[in-house]
Amino acid sequence: MTNITQSSNFPTIDQPSSPKCVRVCQNRTCKKQGAAKVLEAFAALPVPEVTVSASSCLGQCGNGPMVLTLPDMVWYSGVQPNEVPLLVEQHLRSGKRVKQMLYYRFHPQG
């Protein structure tokens, strides 16, 4: 979980063969907002075929902790460690977005 990825390297939504990934921002602001504990919570709930890793700044400072799922490009903001089980069960295992946690800037309709 020490992979550092910059946002310019993210695959796009039209790459269906890409493996599922979860990126948790570990940059300054998100870290102050508890991103390290969010990353730990994902690590405690591993999902087969899904890679979870730390990310450098995702460019959405002040809205974190930020979580980005790939290749579907779904953004979650203000994620708290106690919300990670819901994200794992609903999004990663069932393929359904957690509407109440979606980042409004990229998912205004929810």
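Helices (H or I, at least four residues) and strands (E, at least two) are DSSP runs, numbered from the N terminus. The structure is a predicted model, in which local features need pLDDT of at least 70, side-chain atom pairs count only at pLDDT 80 or more, and totals for chains, interfaces and linings use all residues. Residues are numbered from 1 along each chain as its sequence is written, and side-chain values use heavy atoms, with hydrogens and water left out. Here is a tour, from the sheet to a few single residues.

**The sheet**

- Four strands form an open sheet in the order S2-S1-S3-S4, with mixed pairing; two strands pair if DSSP finds at least two bridges between them.
- S2 and S4 are the edge strands, each with a single partner, so one side of each has no neighbour in the sheet.
- On average, neighbouring strands of this sheet are turned by 20° against each other, direction ignored; axes are lines fitted to C-alpha atoms, for helices over the stretch in contact, and angles run from 0 to 180 degrees between N-to-C directions.
- Strands of a sheet pair through backbone hydrogen bonds, either parallel or antiparallel.
- S1 and S2 run parallel and are joined by six bridges. Cysteine 21 stands opposite threonine 51 in S2, and valine 24 has alanine 54 in S2 as its bridge partner.
- S1 and S3 run antiparallel, with four bridges between them; here arginine 23 stands opposite leucine 68 in S3.
- Five of the six residues of S1 are buried, which leaves this strand mostly covered. Buried means under 20% relative accessible area, exposed over 50%, and partly exposed in between (1.4 Å probe, protein chains only).

**The helices on the sheet**

- In helix H2 (residues 35-43), the buried residues are Ala35, Val38, Leu39, Ala41 and Phe42. Seen down the axis of H2, they fall within an arc of 160°, so they line one face of the helix; the arc is that of the directions from the helix axis to the C-beta atoms.
- An α-helix has 3.6 residues a turn, so residues three or four places apart point the same way.
- The exposed residues Lys37 and Glu40 sit on the face of H2 turned away from its buried side.
- What do the buried residues of H2 pack against? Their partners are strand S1 (20-25), helix H1 (28-32), strand S2 (50-55), S3 and H3, with contact meaning heavy atoms within 4.5 Å.
- H3 lies across S1, S2, S3 and S4, and runs at about 170° to S4.

**The nonpolar cores**

- The largest nonpolar core has 21 residues, of which Val22, Phe42, Val67, Tyr76 and Val79 touch the most other members. Such a core is a set of buried Ala, Val, Leu, Ile, Met, Phe, Trp, Tyr and Cys residues joined through side-chain atoms within 4.5 Å.
- S1, H2, S2, strand S4 (74-76) and H3 each give two or more residues to this core.
- A second, separate core of 10 residues includes Cys21, Cys25, Cys30 and Leu58.
- Not counting residues up to four places away in sequence, phenylalanine 42 touches Val22, Val24, Val52, Val67, Val84, Leu87, Val88 and Leu92.

- Threonine 69 belongs to strand S3 (residues 67-70) and is buried, at a relative accessible area of 4%.
- The side chain of threonine 69 makes a polar contact of 3.3 Å with that of histidine 91. A polar contact is a pair of N or O atoms within 3.5 Å; within protein, one must be able to donate a hydrogen and the other to accept it, and residues adjacent in sequence count only if both atoms are side-chain atoms.
- Histidine 107, in the segment after H3, counts as buried at 9% relative accessibility.
- A polar atom of the histidine 107 side chain lies 3.0 Å from the backbone nitrogen of tryptophan 75, and the side chains of histidine 107 and arginine 97 make a polar contact (3.5 Å).
- Valine 98 is buried, with a relative accessible area of 0%. Leaving out residues up to four places away in sequence, valine 98 touches Tyr76, Leu86, Leu87 and Gln90.
- The C-alpha atoms of valine 98 and leucine 87 are 6.5 Å apart, although 11 residues separate them along the chain.
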